[in-house]
Structures are given as structure tokens and as C-alpha cells.
Amino acid sequence: MTHSDTFAVNASVSNTPSLTHSQYAALKVKDAICDCFRRKTGERPSVNVQSPDLGVHLFIRNNRATISIDVSGGSMHKRGYRTASVEAPMQETLAAAVIRLSGWDGERPLLDPMCGSGTLLCEAAMSYCRIPAGFLRKEWGFTRLPDFDSNRWKKVKTSAEAAMRPLPAGLISGSDLNRDAVRATRTNLNNLPGCKDRIRLSEKNVFDIPAVGNTAIVVNPPYGVRLGDRESAEKLMKEFGDFLKQRCTGCTAYIYAGDRQLLKKVGLKPEWKKELNNGGLEGILGKIDLYASPKPQPKNV
Ligand SMILES: C[S@@+](CC[C@H](N)C(=O)[O-])C[C@H]1O[C@@H](n2cnc3c(N)ncnc32)[C@H](O)[C@@H]1O
């Protein structure tokens, strides 16, 4: 970086009683960088928060500071496809983790019957189509570093893009009872290459779905924290459990709930549970197998 380049400092401070304001901490690092340049060159670089030449990140936790250079150019969870949203969308990286943990590989259909802004559907599509997480990203921090090798970057991009494949129509589907949610989901999916009009979407109450067979059901029902109240969230979970039992034999459900107690309301024993946070909120993912025939028992040998 030279004095004619711009920079921005972004800070995150936690568990450090002597320093509670991250803005103040960021200001101190900014001043230090400017002072250093002024001492050496007599001039100081300018700050540009929107599009800096160099992003500097300050992370302070338990009285220990780490200063690093932002090579991605903003948080990687911002994939760029979510141009529309309704209330309580999942963080993209959490949705990606849910899809990864479900082990879904496109061998059978995938359905999200309470799709909201469609984050789980978008991440499932990205996973199947092998769309790199940063595919829609226009700017990367590392391209502004002095040792950036543009030919190598082109090669990396070309080989990742050559591995991409289109989504078979109907493999992924989603629904929500909120019309705006379905609209937002459609907008977001259409931002992904090879996905436009390939995902079946409908405005529907989950309980109006007649039957589902041999499908991975991936769902994030309302938490009862941000959307509606706790009582109605628990009631919905119980009814959703009945829906799974009665109409989804042969499927596997992956339910991301706000907490263990809410997940329990489904009334079905999960094969496994995994704790996963959603942008600061606690949450838990449970896998529930809905066997078509009684669960196979180990044979006596
Ligand atoms: C927590 S949000 C889902 C957020 C979504 N995973 C995302 O990332 O955008 C829960 C969604 O469930 C929908 N919903 C609630 N009750 C429903 C029902 N009975 N049938 C269908 N959708 C329902 C709500 O409209 C809301 O969009």
C-alpha cells in the first residue's frame, strides 16, 4: 500500500472489558496507519469505507488483538444471490452447512416446504451445480495485493467454472404460504447460473401438500423469536411432525430449529442433532428418518 491508496478498518471486539467500542478500536488502528505513513512519507492515505484498496480487519478477544488484511473483500457469507428477502432469512453459510451436513448429492429430490427467501434452496442448487461460493462476487481483496498473479487467478476461475453443471428441472422444489417469500425465492434463484426456471416453486401451506416420497426435506420453520410467538412456533412444529409421520414415509427430514425444545415438539426421534448458530442466534439441526417400513433391527448371529 502507498500513501495514494485508500484503506478502511473494520473491527470486532469481544470479552475485553477495557475496550468495549469497536468503532473506537478501529479509529485507533486507522490513526496508527495514517501516522506511520505521515512519518515515513510526509503524506497520509485516505479512508474509503465503500471500496477501499486495502481492507484491514482488527479482531480483539480476551485482550488479544489480531490485525489482518482482508483478502476476500467483505464477508464470504455474502454470496451475492440474495437480492430479495422476507423476514428471518438464514445466513447463507449456515444454509450451506445444513445442505452439506444433510449429505444431499442430487440422487433424490430435495424440498423446502417453508422456504422463506429460499436460502436453503439456493445453497442446495449451488452445491449440486458446483457453483463456487464467490461466483457472483465482483471484487476480491486479493486482486489488489502487490503479489497478485492475474494469470493464475484466471486459471483457477476457469477450472472451477468448467466443473459447473446445470440443474435438472424439478430436482429441487420449494413452497411457502407467504406469496412475497415465494417471489423473493424466485428472484434469488434466478440470480444463480443454470437455475433459472428449473426449481418448482409454489405458494402453499405445508399442510396442503398431499404426500411426498423418497425426498430430502430440508426446512427451517419459524423460530418463535423473530417471527410470530413461541406458542405458535411450538404448535407448528408439532403439526409438522404429524405431517412428516403421515405423509412423508420414505423421506429424510433435516430440520433446523431455534433450540432443542422446539425440535423436540416434532415428536420424532432424530438420528442425530448438531448445534449450529445463525448470525448470533443459537440453533440446532436434527436429522429424522421417516422409514417406509419398520426400522430394520440387527439380526441375532
Ligand atoms: C424462518 S423462515 C424460513 C427462512 C428461510 N430458511 C430463509 O433462509 O429465508 C420460516 C418460513 O416458514 C413459513 N411458514 C410458516 N408457516 C408455514 C406453513 N404452515 N406452510 C408453509 N410455510 C410456512 C413462513 O412464511 C416463513 O417464510
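A: Sorted by class, the residues around the ligand comprise 13 nonpolar, seven polar and two charged ones. Here Ala, Val, Leu, Ile, Met, Phe, Trp, Tyr, Cys and Pro count as nonpolar, Asp, Glu, Lys and Arg as charged, and the others, Gly among them, as polar. Please keep in mind that this is a predicted model, in which local features need pLDDT of at least 70 and side-chain atom pairs count only at pLDDT 80 or more, while totals for chains, interfaces and linings use all residues. Residues are numbered from 1 along each chain as its sequence is written, and side-chain values use heavy atoms, with hydrogens and water left out.

The shell holds 22 residues, each with a heavy atom within 4 Å of the ligand. The closest are Met 90, Ser 117, Thr 119, Asp 176 and Val 206.

Now for the polar contacts, meaning pairs of N or O atoms within 3.5 Å. Thr 119 places a polar side-chain atom 2.7 Å from an oxygen atom of the ligand. Asp 176 also has a polar side-chain atom 2.7 Å from a ligand oxygen atom. On the nitrogen side, an N or O atom in the side chain of Asn 220 lies 3.0 Å from a nitrogen atom of the ligand. As for cover, the ligand taken alone exposes 600 Å², and the protein buries 93% of that, with accessible areas from the Shrake-Rupley method and a 1.4 Å probe.

How values were computed: A polar contact is a pair of N or O atoms within 3.5 Å; within protein, one must be able to donate a hydrogen and the other to accept it, and residues adjacent in sequence count only if both atoms are side-chain atoms.
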